[in-house]
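Please look over the sequence and the model shown here.

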Amino acid sequence: MKTPSVKTIYTEKAVPALAKELGITNPMAMPRIAKVVVNVGIGKVLKDQKRVDEIVASLEAVTGQKVLLTKARKAIAGFKIREDLEVGARTTLHGAHMWSFLDRLFMIALPRVRDFQGVSLGAVDQSGNLNLGIKDHTIFSEIVPEKV
């Protein structure tokens, strides 16, 4: 299996540059990408099981892994949500699956976004977590727009 180009760029360019900038000599003290969590809120289509199945199938196609349906922890009357109602879907990627997904995200999907100006520094929190919100999931090549 070929090494994803994002991993090559990360290990050969980003890590040494960051180590030099931060003055870190111990490689184990360097920040690293541990996992990628892909999360989808089901929202307004809770009642329509066919649409929920479409969301799960598209998330499985994009990530290549089985999806876990997340449940509401408490009831919120204003949103018409009851406790233990399935309100989202998520999957966690590690290792080779993570690097493959990041490669497809950064090299194929994000450049397809209209008027994409890059990822802002405001998307990164103090712990170093990056949060991206994607409104149109058809930017992924695995999704067929005619089916959705």
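Strand 2 (residues 68-71) pairs with strand 3 in the antiparallel sense over four bridges; two strands count as paired if DSSP finds at least two bridges between them. In this pairing, K71 stands opposite E86 of strand 3. Strand 3 also runs antiparallel to strand 1, and six bridges join the two. Here V40 is the residue opposite A89 in strand 3.

This is a predicted model, in which local features need pLDDT of at least 70 and side-chain atom pairs count only at pLDDT 80 or more, while totals for chains, interfaces and linings use all residues. Residues are numbered from 1 along each chain as its sequence is written, and side-chain values use heavy atoms, with hydrogens and water left out.

The protein chain has three helices and three strands, in the order α-β-α-β-β-α along the sequence. Helices (H or I, at least four residues) and strands (E, at least two) are DSSP runs numbered from the N terminus.

Helix 3 covers residues 95-109. The expected span of a helix is 1.5 Å times one less than its number of residues. For the 15 residues of helix 3 the span should therefore be 21 Å, and the end C-alpha atoms are 20 Å apart, which agrees.

Which residues of helix 3 are buried? They are M98, W99, F101, L102, D103, R104, L105 and A109, where buried means under 20% relative accessible area, exposed over 50%, and partly exposed in between (1.4 Å probe, protein chains only). Their cover includes helix 1 (5-22), strand 1 (36-41), helix 2 (49-63) and strand 3 (86-93). F106 also lies in helix 3, but F106 is partly exposed, because its relative accessible area is 32%.

F106 belongs to a nonpolar surface patch of about 780 Å², together with I9, M107, I108, F116, V119, V124, L130, L132 and I134. Patches are made of residues with over 30% relative accessible area and no salt bridge, with like charges joined within 9 Å and nonpolar side chains (Val, Leu, Ile, Met, Phe, Trp, Tyr) within 5 Å. A salt bridge is a side-chain nitrogen of Lys or Arg within 4 Å of a carboxyl oxygen of Asp or Glu. Helix 3 gives the largest share of the patch, three residues.

For the protein chain as a whole, 26% of the 148 residues count as buried. The C-alpha atoms fill a box of roughly 55 × 35 × 30 Å, taken along the principal axes.

Notes
Accessible areas come from the Shrake-Rupley method with a 1.4 Å probe; for residues, only the protein chains shown count as cover. Contact means heavy atoms within 4.5 Å.
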